[in-house]
Amino acid sequence: MRRNPLGRTGIEVSELCLGTMTFGTQTPEAEAHAQMDRALEAGIDFLDTAEMYPVNPVRAETIGLSEEIVGNWFATRGRRDAWVVATKHSGEGMSHVRDGAPITSATIPGAIEDSLRRLKIDCIDLYQFHWPNRGSYHFRKNWRYDPSGQDRAATRAHMEDALDALQRQVDKGNIRAFGLSNESAWGTAEWLRLADAAGGPRVASIQNEYSLLCRMADTDLAELCVNEDVGLLPFSPLAAGLVTGKYQGGAVPEGSRRSHVDSLGGRITPRAFEAVAAYHALAGRFGLDPVHMALAWAARRPFVASAIFGATRLEQLEHALGAVEVVLSEELLEAIDAVHRDHPMPY
Ligand SMILES: NC(=O)c1ccc[n+]([C@@H]2O[C@H](COP(=O)([O-])OP(=O)(O)OC[C@H]3O[C@@H](n4cnc5c(N)ncnc54)[C@H](OP(=O)(O)O)[C@@H]3O)[C@@H](O)[C@H]2O)c1
């Protein structure tokens, strides 16, 4: 298992990160714990959760359940140091968490205390803001994104306020590092600039959607990541399961994510199926499994620290592990880019 630095924190992570957002809905606790055992055995020591998980659906009564399930693993296995633990503070508008309150210095300490209690650990390794208060172009909002109404002074004041609160949490030993999610290049640059100027933890990572089917980070964000040592943590590197090919031809396998969320969060489009077919044909030409190709590609991009994949069941985790063996030749990378040109931004 390759390992990468997490920004300038001195923390190292495996190139694959275990996502946990189905822990407590599609993935029962025993299966989740079996995944954590197997992932560790295979060299994956980085997991990602969030105070609002599980999802599909998000329900008031299950808020925090994924963290609790991870915490029960720590309680029963007693191996806190085996994992680099990342979790997230929900952004503004998540009605089931603090009635949708925005992220502020008033919410940060309590949110961290609650996550620590559910996770049953003393310190969160990577504390992330799930999405910015001012909004985000992610989750298919890129098609009509309009930042013209933003208030720059208010955004910067919020960042300074939050950085100050985060630094106090670092000083208390409650968190080690700070990361963003669903952020833009400008937003990330401002967080970095304000931390340099006024103090506070430096952004270590940015968790945005990134996969063969969603390559928005390739341009401006990639440059920022490389120059500022901010590791991209691609989420949904299998495009929420689309890349496996199991939805081709309109199929909706029983129990699959699409059986819970029909549009797969706006990812179901005619062009998405065409792109998947093209990547499958390409993988076949190179003698690769498409899941392995997609995960290895996402994890090895030069600005990526670790790709956060999901496995609803243990056999999916087992399947994902095959990505570690894949060698990405120059010829394959060029062929992937050619398919991307033919099938850009399918959703
Ligand atoms: N920051 C954010 O806003 C954000 C957003 C989304 C996700 N995330 C993080 O990223 C993690 C991964 O997200 P994701 O689950 O969307 O990633 P993904 O790796 O793109 O999709 C994983 C899903 O694909 C299906 N799958 C995986 N392997 C398969 C196989 N071999 N055969 C058939 N189906 C397979 C499974 O769904 P089914 O079996 O249910 O169909 C699995 O849950 C999350 O757990 C979370 O930690 C963060």
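Is Asn-4 buried, partly exposed or exposed, and why? Asn-4 is partly exposed because 16 other C-beta atoms lie within 10 Å; on this scale a residue is buried with 20 or more other C-beta atoms within 10 Å of its own, exposed with 12 or fewer, and partly exposed in between, the C-beta atoms being placed from the backbone.

The model is predicted, and local features need pLDDT of at least 70, side-chain atom pairs count only at pLDDT 80 or more, and totals for chains, interfaces and linings use all residues. Residues are numbered from 1 along each chain as its sequence is written.

**Around Asn-4**

Asn-4 belongs to strand 1, residues 3-5, where strands (E, at least two residues) and helices (H or I, at least four) are DSSP runs numbered from the N terminus. Leaving aside residues up to four places away in sequence, Asn-4 touches Glu-12, Val-13, Glu-15, Gly-231, Ala-305 and Ser-306, a contact being a pair of residues whose C-beta atoms, placed from the backbone, lie within 7 Å. Asn-4 and Val-203 are 199 residues apart in sequence, and their C-alpha atoms are 16 Å apart in space.

Eight strands form an open sheet in the order 9-8-7-6-5-4-3-10, with parallel pairing; two strands pair if DSSP finds at least two bridges between them. Strand 9 (231-232) and strand 10 stand at the edges, and because each has a single partner strand, one side of each is left without a neighbour in the sheet. Helix 5 (residues 185-198) packs on the sheet and touches strand 7 and strand 8 (203-207), its direction making about 165 degrees with that of strand 8; such angles run from 0 to 180 degrees between N-to-C directions, along lines fitted to C-alpha atoms, for helices over the stretch in contact. Within the sheet, strand 6 (residues 124-129) and strand 7 (residues 175-181) pair in the parallel sense over 5 bridges, and Leu-126 stands opposite Ala-177 in strand 7.

**The ligand shell**

The ligand is surrounded by 29 residues, of which Gly-19, Met-21, Leu-238, Gly-241 and Gly-310 are the closest; a residue counts as near when its C-beta atom, placed from the backbone, lies within 6 Å. Strand 10 (307-309) and helix 10 (314-321) are the elements that give two or more residues to this shell.

**Backbone geometry in the loops**

Most residues other than glycine have a negative phi, and most peptide bonds are trans. The table lists sites that depart from this pattern.

| Site | Feature | Value |
|---|---|---|
| Tyr-53 and Pro-54 | cis peptide bond | omega about 15 degrees |
| Asn-56 and Pro-57 | cis peptide bond | omega about 0 degrees |
| Asp-99 | positive phi, not a glycine | phi about 50 degrees |
| Leu-264 | positive phi, not a glycine | phi near 50 degrees |

Pro-54 lies in the loop between strand 4 (46-48) and helix 2 (65-77), and Pro-57 lies in the loop between strand 4 and helix 2 as well. Asp-99 is placed in the loop between strand 5 (84-89) and helix 3 (108-119), and it counts as exposed because it has 7 C-beta neighbours inside 10 Å. Leu-264, in the loop between helix 7 (257-260) and helix 8 (270-285), counts as buried because it has 21 C-beta neighbours inside 10 Å.

Conventions. Two residues are in contact if their C-beta atoms, placed from the backbone, lie within 7 Å.
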